Amino acid sequence: MGLSIQAQVNRIDPVQDEVRRRLDEAVEKLDETISALRRFIFDLRPPVWARPSLRQELADLVGQLAGPYQARVALDVSCPPDLVPPALGDELVAVVKEALSNALRHSGARDIDVRVDGDPTRVAVSVADDGRGFDPARVRRGLGLANMAARVEAAGGSFTVESAAGRGTVVRASFPL
């Protein structure tokens, strides 16, 4: 809904500033509601001792998301099982979920690689596809890209998206430990 409203805001005659302002306020309220719902959902997660390992959680996620699509999704988690604290693991899983979902829905990729690696100072994730790609300079960041960037930056990390038309896309996030 927020994306739809934002698209319509760009079509409004600049003379109608009041309408534009009200629609911008509606989008802000939707964003706040989405954030509140996400916090509520994450609060419903099981306690740390009852949760699966990061590797298992990512494998389950990949299986669920990739099921309806023809793309081959490879998962490589090469960091010690207890390296990533649970709260940071939540952020990492959310980034993988959004990036993989975007790749499956929008890229037309045949192959998608999800990689997680880490050392005692950081954990890094990348989601790379061989799909149609896009020109980042010509595409306005949607809520998915903005949410991923905000999550990573709030955790003190770095976030990049590399893409070019016809060459696929790579989403990278690095989190300090």
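Reader: Is Arg151 buried or exposed?

Author: Arg151 has a relative accessible area of 17%, so it is buried (under 20% relative accessible area; exposed is over 50%, partly exposed in between, with a 1.4 Å probe and protein chains only). The model is predicted: local features need pLDDT of at least 70 and side-chain atom pairs count only at pLDDT 80 or more, while totals for chains, interfaces and linings use all residues. Residues are numbered from 1 along each chain as its sequence is written, and side-chain values use heavy atoms, with hydrogens and water left out.

Reader: Where does Arg151 lie, and which residues does Arg151 touch?

Author: Arg151 is part of helix H5 (helices are DSSP runs of H or I with at least four residues, strands runs of E with at least two, numbered from the N terminus). Leaving out residues up to four places away in sequence, Arg151 touches Arg38, Phe42, Glu91, Ala94 and Val95 (contact means heavy atoms within 4.5 Å).

Reader: How many helices and strands does the protein chain have, and what pattern do they follow?

Author: The protein chain has five helices and five strands. In sequence order the pattern reads α-α-α-β-α-β-β-α-β-β. The C-alpha atoms fill a box of roughly 60 × 40 × 30 Å along the principal axes. Of the 177 residues, 35% are buried. For contacts between residues at least 6 apart in sequence, 63% join residues at least 24 apart.

Reader: Which residues of helix H1 are buried?

Author: In H1 (residues 2–9), the buried residues are Gly2, Ile5 and Val9. Because they cover an arc of only 65° around the axis, they sit on the same side of H1 (the arc is that of the directions from the helix axis to the C-beta atoms). Helix H2 (17–43) is among the elements that cover these buried residues.

Reader: At what angle do the axes of H1 and H2 cross?

Author: The H1 and H2 axes cross at roughly 160° and come within 10 Å (axes are lines fitted to C-alpha atoms, for helices over the stretch in contact, and angles run from 0 to 180 degrees between N-to-C directions). H1 is therefore roughly antiparallel to H2 (over 145 degrees; under 35 counts as roughly parallel, 65 to 115 as roughly perpendicular and the rest as oblique). The crossing of H1 past H2 is left-handed (the near helix is turned anticlockwise from the far one by less than a right angle; clockwise is right-handed). On the H1 side, Gly2, Ile5, Gln6 and Val9 meet Arg20, Leu23, Asp24, Val27 and Leu30 of H2.

Reader: How do H3 and H4 pack?

Author: Their axes are 10 Å apart, at an angle of about 20°. H3 and H4 are therefore roughly parallel to each other. H3 passes H4 in a right-handed crossing. The H3 residues in this contact include Leu54, Leu58, Leu61 and Leu65, and those of H4 include Leu92, Val96, Leu100 and Leu104.

Reader: Which residues touch the most other members of the largest nonpolar core?

Author: In soluble globular proteins, nonpolar side chains tend to be buried together. Here the largest nonpolar core has 37 residues, and Leu58, Ile112 and Phe175 touch the most other members (a nonpolar core is a set of buried Ala, Val, Leu, Ile, Met, Phe, Trp, Tyr and Cys residues joined through side-chain atoms within 4.5 Å). Elements that each supply at least two residues of this core include H3 (54–66), H4, H5 (143–154) and strands S1 (72–78) and S5 (169–176). H4 gives the largest share, nine residues.

Reader: Where does Val161 lie, and how far is Val161 from Val127?

Author: Val161 lies in strand S4 and is buried, because its relative accessible area is 18%. The C-alpha atoms of Val161 and Val127 are 9.7 Å apart, across 34 residues of sequence.

Reader: What is the case for His106 in H4?

Author: His106 belongs to H4 (residues 86–107). With a relative accessible area of 48%, His106 is partly exposed. The C-alpha atoms of His106 and Arg38 are 23 Å apart, and the two are 68 residues apart along the chain.
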